[in-house]
Amino acid sequence: MQLFPCPFCGPRDETEFHFGGEAGKVRPEPAAEVDAARWSRYLHVNANPRGATREIWVHATCGEFFLMERDTVTHAVIGSQSLRGEQR
Ligand SMILES: [Zn+2]
């Protein structure tokens, strides 16, 4: 079991969270002009870095989306931040 820090609820069991995606991806626009290949790359291709990474997660208990920085090698959580600008 690992504890993830929800910026709103504090440390909670990892089973209460869902991965939302890689942070910093820019949605291709205008949507009506985006072809299927480009849309597919946007949805499914990630940088998947080794080491520190920034991801969007959602805490299912409170329903809030937030930014979490974690290390993909050690699984250590470096920090989390509300998408509203508050930091923990
Ligand atoms: Zn929460």
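Which residue in β4 is the bridge partner of His18? The bridge partner of His18 is Val58 in β4. This is a predicted model, in which local features need pLDDT of at least 70 and side-chain atom pairs count only at pLDDT 80 or more, while totals for chains, interfaces and linings use all residues. Residues are numbered from 1 along each chain as its sequence is written. The protein has one helix and six strands. Helices (H or I, at least four residues) and strands (E, at least two) are DSSP runs, numbered from the N terminus.

**Overall layout**

- Along the sequence, the elements follow the pattern β-β-β-α-β-β-β.
- The C-alpha trace of the protein spans about 40 × 25 × 20 Å along its principal axes.
- Of the 88 residues in the protein, 9% are buried. A residue is buried if 20 or more other C-beta atoms lie within 10 Å of its own, exposed if 12 or fewer, and partly exposed in between, with C-beta atoms placed from the backbone.
- Among contacts between residues at least 6 apart in sequence, 47% join residues at least 24 apart. Two residues are in contact if their C-beta atoms, placed from the backbone, lie within 7 Å.

**The four-stranded sheet**

- An open sheet is formed by four strands in the order β3-β4-β5-β6, with antiparallel pairing. Two strands pair if DSSP finds at least two bridges between them.
- The edge strands of this sheet are β3 and β6, each of which pairs on one side only.
- From one strand to the next, the twist averages 35°. Axes for such angles are lines fitted to C-alpha atoms, for helices over the stretch in contact, and the angles run from 0 to 180 degrees between N-to-C directions.
- Strands β3 and β4 run antiparallel and are joined by five bridges. Besides the pair of His18 and Val58, Gly21 has Ile56 as its bridge partner in β4.
- Strands β4 and β5 pair in the antiparallel sense over eight bridges. Val58 has Phe65 as its bridge partner in β5, and Val58 is also the partner of His18.
- A hairpin is formed by β4 and β5, with four residues between them. In its turn, Gly63 has a positive phi of about 80°.
- In a regular strand the side chains alternate between the two faces of the sheet.

- Strand β1 (residues 3-6) pairs with strand β2 (residues 10-13) in the antiparallel sense, over four bridges.
- The two strands are joined by a hairpin through three residues.
- Cys6 stands opposite Gly10 in β2.

**Loops and backbone geometry**

- The peptide bond from Glu29 to Pro30 is cis, and its omega is near -5°. Pro30 lies in the loop between β3 (17-22) and α1 (36-44).
- Asn48 has a phi near 45°, which is a positive value in a residue other than glycine. Asn48 lies in the loop between α1 and β4 (52-59). Asn48 counts as exposed because it has 8 C-beta neighbours inside 10 Å.
- His75 is not a glycine, although its phi is positive, at about 70°. The loop between β5 (64-71) and β6 (77-82) holds His75. With 9 C-beta neighbours inside 10 Å, His75 therefore counts as exposed.

- Arg38 is found in helix α1. Arg38 has 11 C-beta neighbours inside 10 Å, so it counts as exposed.
- Arg38 and Pro28 are ten residues apart in sequence, and their C-alpha atoms are 7.9 Å apart in space.
- Gly79 is found in strand β6. Gly79 counts as partly exposed because it has 13 C-beta neighbours inside 10 Å.
- Gly79 and Thr61 are 18 residues apart along the chain, and their C-alpha atoms are separated by 19 Å.
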